[in-house]
Every structure is written in structure tokens, then in C-alpha cells.
Amino acid sequence: MNIAENIKKLKNEIPAYVTLVAVSKTKPAETIMEAYNAGHKIFGENKVQEMIEKYEQLPKDIQWHLIGHLQTNKVKYIAPFVHLIHSVDSLKLLKEIDKQAAKNNRTIDCLLQVHIAKEETKFGMDFNEVEALLASEDIEALKNISIRGLMGMATFTENKSTIRNEFRSLAQFFNKIKSEISYPKFDILSIGMSGDYEIAVEEGSTMIRVGSSIFGSR
Ligand SMILES: *Cc1c(COP(=O)(O)O)cnc(C)c1O
């Protein structure tokens with residue numbers, strides 16, 4: 001596995017407006033440094049504790065993205081530095097992120113995680129829950145968060161048309177919300193992983209989260 005080459009190849013494949021988040025979960029700091037030394041500075045982690053440890057060890061110009069489930073009581077640990085939280089799935093969590101962001105004098109960018117897969121296990125809200133959250137009066141008061149878009153994961157399947165349909169419905173929903181709400185920057189659609197990023201990009205992804213195609217299997 002040549003990490004630098006994998007990243008270069010991926011970046012050549014995707015349009016310039018698509019951001020590549022290199023998913024470094026389970027990989028040690030040395031491995032992340034291989035990507036960093038090749039010029040890549042955007043990394044995704046799914047566990048709070050692991051992300052904090054890596055943040056402490058690694059260069060401070062890295063953008064850390066939290067892509068895994070976030071418990072309310074853990075927000076305070078990542079609030080000082082997290083760049084984007086992809087996995088917001090409740091108003092309660094959003095309020096806590098706002099509170100901790102304010103304590104740190106910053107605004108934290110967030111994505112709402114939408115459940116599009118058939119599996120029961122995946123986290124996230126359904127379309128109605130997202131609309132209800134965005135329509136909630138409470139949202140107005142949250143001055144230290146910025147809802148930048150949506151994140152979703154397709155069903156884990158070989159069936160490409162299932163994956164495409166799920167991404168397409170999320171992209172349509174994303175565009176609908178974008179046209180309805182008045183947020184200045186609702187511009188991120190985080191869909192696509194190693195197995196399905198090509199389909200995701202075709203369906204409108206602006207941010208892909210790729211782990212094994214860069215770092216090898218976990
Ligand atoms: C692990 C993970 C990824 C990356 O998966 P790969 O198949 O290794 O590319 C992307 N998104 C989330 C939410 C993940 O947990």
C-alpha cells in the first residue's frame with residue numbers, strides 16, 4: 001500500500017469541488033503522517049477518544065472530522081478542535097455542541113446524519129425528522145453551530161442500483177432543503193466511501209469519506 005499514491009490517484013479521479021476525507025480510524029499516527037507528508041490534511045475518525053489522542057500527537061493544521069456516533073457527554077472533549085461533525089442526529093446533541101462551541105469561543109460546523117440504508121443498525125434521522133429539526137424554533141437560538149449539510153451511508157450491498165437509489169434520494173432531499181432554508185452555507189453532502197464513492201460523486205456528493213482504499217483494510 002502506497003498511501004501517497006492512493007491519495008493522489010483518488011484526488012485525480014474526483015472533481016475539484018469534492019473534498020476527500022481520509023478515514024484514519026484504527027490506523028496509527030505514523031500511518032497518518034504518511035498521508036500528511038504527501039500533503040493531505042483532512043482526516044476522519046469515528047471514535048472520540050481515538051480522535052483526541054491523534055489530535056494531541058499530530059500536527060495542529062490537520063482538520064479532524066468526526067464521522068462516528070457522538071454521545072452528548074463527549075462533545076466537550078472535541079469541541080476545542082473538531083473541524084466538522086458529520087454525525088449529528090438529534091436536537092439535543094446539536095444544543096450540546098452549541099454550548100460547548102460557545103465555551104470555546106468558536107462556531108462548529110455540523111452535518112445532519114440521515115438514515116438512508118435498509119439496515120436497522122445505522123444511525124441517523126429520517127427525512128421527516130430532519131425537516132422537523134430544521135423547522136424547530138430552538139434552532140434559531142443556536143449561534144455557535146453552523147449546519148452545513150447532510151451525511152448518509154448507503155446499504156452495505158453489492159447491488160449498485162440500491163446504492164445509487166439511496167444516494168439519489170438523499171441528494172434530492174439535500175437540494176430541496178437547500179432551496180427552502182435560508183442558511184448562508186448549506187453546501188456539504190457527505191456521501192461515498194471506498195466501495196461506493198464513484199456512485200456518490202455521480203449522484204452529487206461534495207465530500208467523500210474514504211478509508212480502506214487509502215490505508216488498506218482494517
Ligand atoms: C469507516 C467509515 C468510512 C470509511 O470506510 P471505508 O470503506 O474504509 O472507506 C466512511 N464513513 C464512516 C461513517 C465510517 O465509519
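Some housekeeping: residues are numbered from 1 along each chain as its sequence is written, and side-chain values use heavy atoms, with hydrogens and water left out. Because this is a prediction, local features need pLDDT of at least 70 and side-chain atom pairs pLDDT 80 or more, while totals for chains, interfaces and linings use all residues.

Let's start with the ligand. Its surrounding residues, meaning those with a heavy atom within 4 Å of it, include Val23, Lys25, Met153, Arg209, Ser212 and Arg218. Which polar contacts (N or O pairs within 3.5 Å) does the ligand make? A polar side-chain atom of Lys25 sits 2.7 Å from a ligand oxygen, and one of Arg209 lies 2.9 Å from a ligand nitrogen. Ser212 uses a polar backbone atom, 2.8 Å from an oxygen of the ligand. Taken alone, the ligand exposes 380 Å², and the protein buries 90% of that (Shrake-Rupley, 1.4 Å probe).

Now to helix α2, residues 29-37 (a DSSP run of H or I, at least four residues). Here Ala29, Thr31, Ile32, Ala35 and Tyr36 are buried, that is, under 20% relative accessible area with a 1.4 Å probe, counting protein chains only. Seen down the axis, by directions to the C-beta atoms, these buried residues fall within an arc of 160°, so they line one face of α2. The face turned away carries Glu30 and Asn37, which are exposed, meaning over 50%.

What do the buried residues of α2 pack against? Their partners (heavy atoms within 4.5 Å) are α1, β2, α3, β3 and α9; strands are E runs of at least two residues. Finally, just after α2, Gly39 takes a positive phi of about 100°.

Notes: Polar contact = N/O pair within 3.5 Å; in protein donor to acceptor, adjacent residues only side chain to side chain.
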